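Keep the model open as you read.

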Amino acid sequence: MANNFFCLPFSTHPLRDALYDELHARPFQVLSTPQQISHLAFKAQPEELEEALRLLCELCRRYSVNQPGADIVSFQQDFGEFTVRWERHMEFYVLTVQRPAAAESEPFRHPVIGMLPGDWLALLPGQAVAAFHLVLDDGALSLEPEALARYFEGQRLIMSQPKEGKALLCTAFKLHSDGFGRFLIRNQGISDYQMGRLVQRVIELETYRLLAQLSLPTAKRLSPELNAMDTELARMLAKVPTIESTEDERDLLQRLSLLSARLESYRAETNYRFSATRAYHDLVLTRLRNIRETEVEGHMSVAEFMTRRLNPGLRTCESVQNWMEDLSRRIERAGDM
């Protein structure tokens, strides 16, 4: 019985109900096979998150179906021919469209996202970070090398068997000619509930993987800047023993202050992004462990691909962040001298 039907004989925290609800805010789906799924993830500002929810309500009105509440974080609605799932996160929102559909000979030719109104899709706010299709196959599709090459446009495939061999996962982790990524999952003996959990983890793995990499271009851009600042600081420190007047000392302190101000602007720009990168990276590793994959001979597994390609990016960001911290301490010591 919910707390609002009776009064406990002691006081409770005002967030107690919300804390219980949070555990069930984003439940796993039950997904039958075969299935077509399209997934979008948009990085968005707070006002864009609100606009995205408003557009979702507008879509529901168009199809005369139930609309989400104002404070909803997760919403799923059957639209007749397809189902829409919408989720709000801290800095992004996701839109997943799906329908039970038998596989065609070309499984990615007519994705389910094409069933959404084009004018409505064009209004979605924010910037799309993730956009990919998933096809759940019940064994009807050919998985011969020639067929897979056709499905994935000749890209080199990453392949593994999640759920300890009860499913087969194929992807290239690349964009294809339609601008979307592609995943093919064959059901080899898992239940609809297990398939729902697997699909959710694959979706999160790919989404968090992309979000984790957002800070890498910034880290690469700042590296030469930090190198120049490091060299400039070394030149300043070399002049300290030769300072003979108060005017020279004042000039050096001014230059150190300008150098410190530049560095602090870089730290302010990157602190949140680098912290988010670590958090998303940890989520990717968790999802990799959860899918419990076994290798397919002759192919790189998802875990192997991710650790080889994602970890160096994380180390680059951590290196740049540590470099800025070290440079800040040395500038402060120079000022003290």
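## A cluster of phenylalanines

Start with four rings: Phe 132, Phe 173, Phe 183 and Phe 305 are joined into a cluster by ring pairs. Bear in mind that this is a predicted model. Across the structure there are 12 aromatic pairs. In one of them, the ring centres of Phe 132 and Phe 183 sit 5.3 Å apart with their planes at 65 degrees, so this pair counts as edge-to-face.

Phe 132 and Phe 183 are both buried.

## A closer look at Phe 305

Where does Phe 305 sit? Look in helix 9. Is Phe 305 buried or exposed? Its relative accessible area is 12%, and the cut-off for buried is under 20%, so Phe 305 is buried.

Leave out the neighbours within four places in sequence, and Phe 305 is in contact with Ile 158, Phe 173 and Met 300. Met 159 is 146 residues from Phe 305 in sequence, yet their C-alpha atoms are 9.9 Å apart in space.

## Helix 7 against helix 9

Helix 9 (residues 302-336) also packs with helix 7 (residues 216-239), at an angle of about 25 degrees and with the axes 10 Å apart. Angles under 35 degrees count as roughly parallel, so that is how helix 7 runs relative to helix 9. Their crossing is left-handed.

If you want to find the contact on screen, residues from helix 7 including Leu 222, Leu 226, Met 229 and Leu 233 meet a set from helix 9 that includes Val 320, Trp 323, Met 324 and Leu 327. By type, the residues of this contact are 14 nonpolar, 4 polar and 2 charged.

## Helix 6 against helix 8

Now for helix 6 (residues 192-212) and helix 8 (residues 246-291), whose axes come within 8 Å and cross at roughly 155 degrees. Angles over 145 degrees count as roughly antiparallel, so helix 6 is roughly antiparallel to helix 8. This crossing, too, is left-handed.

On the helix 6 side, the contact residues include Arg 201, Glu 204, Leu 205 and Tyr 208. Helix 8 brings in, among them, Arg 273, Tyr 280, His 281 and Val 284.

Notes. Residues are numbered from 1 along each chain as its sequence is written. This is a predicted model: local features need pLDDT of at least 70, side-chain atom pairs count only at pLDDT 80 or more; totals for chains, interfaces and linings use all residues. Side-chain values use heavy atoms; hydrogens and water are left out. Rings of Phe, Tyr and Trp (its six-membered ring) pair if their centres lie within 6.5 Å; planes under 30 degrees apart count as stacked, over 60 as edge-to-face and the rest as tilted. Buried means under 20% relative accessible area, exposed over 50%, partly exposed in between (1.4 Å probe, protein chains only). Axes are lines fitted to C-alpha atoms, for helices over the stretch in contact, and angles run from 0 to 180 degrees between N-to-C directions. Helices (H or I, at least four residues) and strands (E, at least two) are DSSP runs, numbered from the N terminus. Angles under 35 degrees count as roughly parallel, over 145 as roughly antiparallel, 65 to 115 as roughly perpendicular and the rest as oblique. A crossing is left-handed if the near helix is turned anticlockwise from the far one by less than a right angle, and right-handed if clockwise. Contact means heavy atoms within 4.5 Å. Ala, Val, Leu, Ile, Met, Phe, Trp, Tyr, Cys and Pro count as nonpolar, Asp, Glu, Lys and Arg as charged, and the others, Gly among them, as polar.
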